[in-house]
Amino acid sequence: MVLRKNPLVTIVNPLPIPGTNYGVNFAAQIVEAKIDFHPGNQFQLPAELNPPLAVQKLGIKVRVCAGIGCPPRDVIDKYIPPPPQPDVERPPRDEQVPLIPLPVRQLNCFCLDALVTGGMRIVNYYGKPYLEPFLEGFEIVDIKPEGLEESIECYVILLLKLSVLPGLRILLKDMIFNLTQGSPDLFPTPTNIVISPMPISPALSNNPAIEEDQLKAFIKVEVI
């Protein structure tokens, strides 16, 4: 991140408390991120994801640590609003009022491990091939009770499948390079190189392919 001049810290608004102009400070950080290709040797999948890592699949492990700044109860009591004054018209709420962070000295912190299994595939949309990632399994490790864990996992799966992953599709359109321009001595006649993805065949069972701890994509090159 430092080499690419990406920010190490991003400041965002406090976490709002609905119905008030107050918010609480919070922080979140990805402290570990690993990717593993079949056959898998970087981390152990939990039983919920049916280890070992399946053929033509990849796994991702992320550890996220976060904290919320919750004030002591005696401090919270000082911010409880009084009832509205009788017979006094209340002014309309200004939705643009900036949130006021409640004072805290430290965050209540926790860490979660999340694991994902999935892969890459080529799918045709509108008659054109797209390279798209897909999600097969998702597991947050050891949240209790189980119903809370399942609810959070369901929401994250919906977010990934319906919002995040569709935005990562790549259109695999033919790429044409004109070799005539700039090189008339080497290519006196119009010459193009066309690069396109290799179709699946008996000789090529997977494209893209996840194997030998690598993600591979196969292309064909035609000189026209």
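Tyr130 is buried in this predicted model, with a relative accessible area of 18%; buried denotes under 20% relative accessible area, exposed over 50% and partly exposed the range in between, computed with a 1.4 Å probe on protein chains only. Tyr130 forms an aromatic pair with Tyr125, edge-to-face, at 5.6 Å centre to centre and 80° between the planes. Tyr125 is partly exposed, at 26% relative accessibility. Rings of Phe, Tyr and Trp (its six-membered ring) pair if their centres lie within 6.5 Å, with planes under 30 degrees apart counted as stacked, over 60 as edge-to-face and the rest as tilted.

The structure holds two aromatic pairs. In the pair of Tyr22 and Tyr79, the ring centres are 5.4 Å apart and the planes lie at 80°, so this pair is edge-to-face. Tyr22 belongs to strand E2 (residues 22-24) and Tyr79 to the loop between helix H1 (73-77) and strand E5 (100-101), so the pair ties together parts that are 57 residues apart in sequence. Helices (H or I, at least four residues) and strands (E, at least two) are DSSP runs numbered from the N terminus. Tyr22 is partly exposed at 25% relative accessible area, and Tyr79 is partly exposed at 32%.

Phe43, Leu45, Leu49, Leu53 and Leu115 make up the largest nonpolar core, a core being a set of buried Ala, Val, Leu, Ile, Met, Phe, Trp, Tyr and Cys residues joined through side-chain atoms within 4.5 Å. Beyond its neighbours within four places in sequence, Leu45 is in contact (heavy atoms within 4.5 Å) with Pro51, Pro52, Leu53, Leu115 and Thr117.

Residues are numbered from 1 along each chain as its sequence is written, and side-chain values use heavy atoms, without hydrogens and water. As the model is predicted, local features need pLDDT of at least 70 and side-chain atom pairs count only at pLDDT 80 or more, whereas totals for chains, interfaces and linings use all residues.
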